[in-house]
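This briefing concerns a single protein chain and is organised by topic. Please consult the sequence and the model alongside the points that follow.

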Amino acid sequence: MWVDGQGDRPVVLRPGFQSRKRLFTVFFNYSGPLVVDILTQDTTMTATYYVQNVLSQVKSAINEQRPKVSTSRTLLLHENAGSHKARATTQPLRELGIQVLPHPAYSPNLAPCDF
């Protein structure tokens, strides 16, 4: 870094222990975000957490927007994470009438929101 003799060196901020990664789970439909769930620190996304906390929010949000149809005729696209493919997750989705779309193989040219 070039600094002239009279100038002060700029302060460089480095990430500390406070800046840890967080997992956001976002569900959206044609009108925008439907549910945003933020996983608390030091918590792992499991099938149980996904069903009890995330899918219950999604079900409530869909029921508010479409009270007559509810969750039937709902299509869901999510990645192939273990918590999404577990029997503990797929069974409640079937019971709610939510159809899970197959996730395509990884392609750097095709993001999940592109299709």
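This is a predicted model: local features need pLDDT of at least 70, side-chain atom pairs count only at pLDDT 80 or more; totals for chains, interfaces and linings use all residues.

How many residues does α1 have, and how far does α1 reach from its first C-alpha to its last? The helix has 19 residues and reaches 25 Å, close to the 27 Å expected at 1.5 Å a residue.

**Overall make-up**

- The chain contains 3 helices and 4 strands, which follow the order β-β-α-β-α-α-β from the N terminus.
- Of its 115 residues, 21% count as buried.
- Among contacts in the chain with a separation of 6 or more, 43% join residues 24 or more positions apart.

**Helix α1**

- α1 spans residues 47–65 and bends by about 35° at leucine 55.

- Threonine 89 is located in helix α3 and counts as buried because its relative accessibility is 0%, where the cut-off for buried is under 20%.
- Leaving out residues up to four places away in sequence, threonine 89 touches Ala47, Tyr50, Val51, Leu55, Ser83 and His84.

**The largest pocket**

- The volume of the largest pocket is about 980 Å³.
- Its lining comprises 32 residues, and those nearest the pocket centre are Val26, Phe27, Phe28, Leu76 and Leu77.
- At least two lining residues come from each of β1 (24–29), α1, β3 (74–76) and α2 (82–85).
- The greatest contribution to the lining is that of β1, with 6 residues.
- Sorted by class, the lining holds 21 nonpolar, 8 polar and 3 charged residues.

**Arginine 73, between α1 and β3**

- Arginine 73 is situated in the loop that links α1 and β3.
- With a relative accessibility of 67%, arginine 73 counts as exposed, since the cut-off for exposed is over 50%.
- Beyond its neighbours within four places in sequence, arginine 73 is in contact with Arg66 and Gly97.
- Arginine 73 and leucine 96 are separated by 23 residues in sequence and by 9.8 Å in space, C-alpha to C-alpha.

**Positive phi values in loops**

- Where does serine 70 lie? Serine 70 is placed in the loop between α1 and β3, and its phi is near 60°, a positive value in a residue other than glycine.
- Serine 70 is partly exposed because its relative accessible area is 23%, which falls between the cut-offs of 20% for buried and 50% for exposed.
- Aspartate 42 has a phi near 60° as well, again a positive value in a residue other than glycine; aspartate 42 belongs to the loop between β2 and α1.
- Aspartate 42 counts as exposed because its relative accessibility is 76%.

Methods:
Residues are numbered from 1 along each chain as its sequence is written. Side-chain values use heavy atoms; hydrogens and water are left out. On a 1 Å grid over the protein atoms alone, a cavity is a set of points where a 1.4 Å probe fits but cannot get out, and a pocket is an open set with protein on both sides within 12 Å along at least five of seven lines; lining residues have an atom within 4 Å of a point. Grid points are joined across faces, edges and corners, and a volume is the space filled by probe spheres set on the points. Ala, Val, Leu, Ile, Met, Phe, Trp, Tyr, Cys and Pro count as nonpolar, Asp, Glu, Lys and Arg as charged, and the others, Gly among them, as polar. The expected span of a helix is 1.5 Å times one less than its number of residues. The bend at a residue is the angle between axes fitted to the seven residues ending there and the seven starting there. Buried means under 20% relative accessible area, exposed over 50%, partly exposed in between (1.4 Å probe, protein chains only). Contact means heavy atoms within 4.5 Å.
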